[in-house]
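The sequence and structure come first, and the description follows.

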Amino acid sequence: MLPYVAPPQLGPITSFGVLAMLGAYFGLAAGSRHAEKLGLDPARVRSMAICCAVGGILGAHYVDLFLYQPGWSEQPDALWRFINPFAGISSYGGLIGGTLGFFVFGLWHRVKRLRYADAALVGVVVLLTFGRAGCASVHDHVGIASSSLLAVDFPPGNPSGVVGPHHDLGLYELALFAVLLAATVLLLRRPRRPGWIVGVVAIGYAVPRFFLDFLRRELSDPRYAGLTPAQWSCLATVAAAIALFVWIYRHREPPPARYLDATPWRVHLRNFVRIRRRPAAA
C-alpha cells in the first residue's frame, strides 16, 4: 500500500490553495491559448471565462450544500454556510455551474458556441488536474477501507479522522485527469470538428468517475436511490455527450483548416513569475 504523506502547510497557506490558484492561472492561460489557435475573439473569450468562473464557483458551493450537506439548514451557522461560497465545494457542482455559465455566455453573445466550448474545455482540464493534485495533497476525499496496493495507509491522529489503509479518491482522480490531460494534448495536435473534443473528454471523465464513486464513504457522500450526486451527474454527462455527438454528426461543421499561431508557453511562464530584464546601462 502507499505511505501517507502529511499535507504541507505554511500558516494559513495550504497546498490545496496554492495548487488551486496555479490551476486557475494555467487553466485560463491554456484556454486562452487554444482560443488564439482557433481565432476566437479575445474579448468574448474573457467574457466566457468570467461567466464560467462565476457559474463554477456558485455551482460548486450550492451543489455541495444542498446535496452533500443534509441538515445544513438546521445548523447554527446555516446562514454563513449559505452565503459563503467556500463553505463546502463539489467538483461536479463546479462543472455543472460552469456549464450553465457557458450557456449564459452563449445566449448573451451570438457566436459559434462549440468553438468556444473547445477552448473552455482545455482550460477546465488543466484547472481540474491542478485541483485534483490539491485534493490528493490534503487527502480530502478519503474512501472506504481497503487492502489494495493503491490504498493509502492513514496513521493515527491525521486530519481525516480515519486510521489504516483506505482508498484516496483525490489521488485516483489526479491519475485520471493526468491521463485526460495527456489525451487532450494529443487529440488537439490537429484541428477537430467543433465540440468533438468536448464530448470525448466528457465521456472519458464521466465513465471512470461513475465507478470510482462506489469507493466513497456514505458518511461524506450521501446516496440518492443508491447513487451519489456525482454518479447521477455522470449519467447525465454521458447522455449529454451522446446528444452532442449526434448534433455534430447531423450538422457536420468542418474543423478549422489549420491552427493559428498562439502565444508561446514561455511567455505565459515568464508573465507568471514576472521575470523582467533590467535595461542595460547607458
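Which helices each supply at least two residues of the lining of the largest cavity? H1 and H5 do.

## Basis of the description

The structure is a predicted model, in which local features need pLDDT of at least 70, side-chain atom pairs count only at pLDDT 80 or more, and totals for chains, interfaces and linings use all residues. Residues are numbered from 1 along each chain as its sequence is written, and side-chain values use heavy atoms, with hydrogens and water left out.

Helices (H or I, at least four residues) and strands (E, at least two) are DSSP runs, numbered from the N terminus.

## The cavity

Cavities and pockets are found on a 1 Å grid over the protein atoms alone. A cavity is a set of points where a 1.4 Å probe fits but cannot get out, while a pocket is an open set with protein on both sides within 12 Å along at least five of seven lines. Lining residues have an atom within 4 Å of a point. Grid points are joined across faces, edges and corners, and a volume is the space filled by probe spheres set on the points.

By this rule there is 1 cavity of 30 Å³ or more. The largest cavity holds about 80 Å³ of space. Its lining is made up of His 34, Leu 38, Arg 115, Asp 118, Leu 188, Pro 191, Arg 192, Arg 193, Pro 194, Ile 197, Pro 256 and Tyr 259. For the class counts, Ala, Val, Leu, Ile, Met, Phe, Trp, Tyr, Cys and Pro are nonpolar, Asp, Glu, Lys and Arg are charged, and the others, Gly among them, are polar. The cavity lining then has 7 nonpolar, 1 polar and 4 charged residues.

## Pro 256 at the cavity

Pro 256, one of the cavity-lining residues, sits in the loop between H8 and H9. Contact means heavy atoms within 4.5 Å. Not counting residues up to four places away in sequence, Pro 256 touches Leu 38, Arg 115, Pro 191 and Arg 192. Pro 256 and Arg 115 are 141 residues apart along the chain, and their C-alpha atoms are separated by 9.5 Å.

Accessibility is sorted into buried (under 20% relative accessible area), exposed (over 50%) and partly exposed (in between), with a 1.4 Å probe and protein chains only. Pro 256 has 15% relative accessibility and so counts as buried.

## The second largest pocket

The second largest pocket has a volume of about 320 Å³. It is lined by Ala 30, Arg 33, His 34, Lys 37, Val 122, Val 126, Leu 181, Thr 184, Val 185, Leu 188, Arg 189 and Trp 265. Helix H1 (15-38), helix H5 (113-138) and helix H6 (169-187) each give two or more residues to this lining. H1 gives the most, with 4 residues.

By class, the pocket lining has 7 nonpolar, 2 polar and 3 charged residues.

## Helices H2 and H4

Two packed helices are described by the angle between their axes and the distance between the axes. Here axes are lines fitted to C-alpha atoms, for helices over the stretch in contact, and angles run from 0 to 180 degrees between N-to-C directions. The axes of helix H2 (residues 42-68) and helix H4 (residues 91-108) come within 6 Å and cross at roughly 145°. The crossing is right-handed; a crossing has that hand if the near helix is turned clockwise from the far one by less than a right angle, and is left-handed if anticlockwise.

On the H2 side, the residues in contact include Cys 51, Cys 52, Gly 55, Gly 56 and Gly 59; those on the H4 side include Gly 93, Gly 94, Gly 97, Gly 98 and Gly 101. The contact has 8 nonpolar, 9 polar and 1 charged residues.

Gly 97 lies in helix H4 and is buried, at 6% relative accessibility. Leaving aside neighbours within four places in sequence, Gly 97 is in contact with Gly 55, Gly 56 and Gly 59. Leu 107 is also placed in helix H4, but is exposed, with a relative accessible area of 74%.

## Other residues

His 139 is in the loop between H5 and strand E4 (142-145) and is buried at 8% relative accessibility. Arg 252 is in the loop between H8 and helix H9 (265-273) and is partly exposed, at 44%.

Ser 233 belongs to helix H8 (residues 229-251). Ser 233 is buried, with a relative accessible area of 16%, and touches Tyr 92 and Ile 96, not counting residues up to four places away in sequence.
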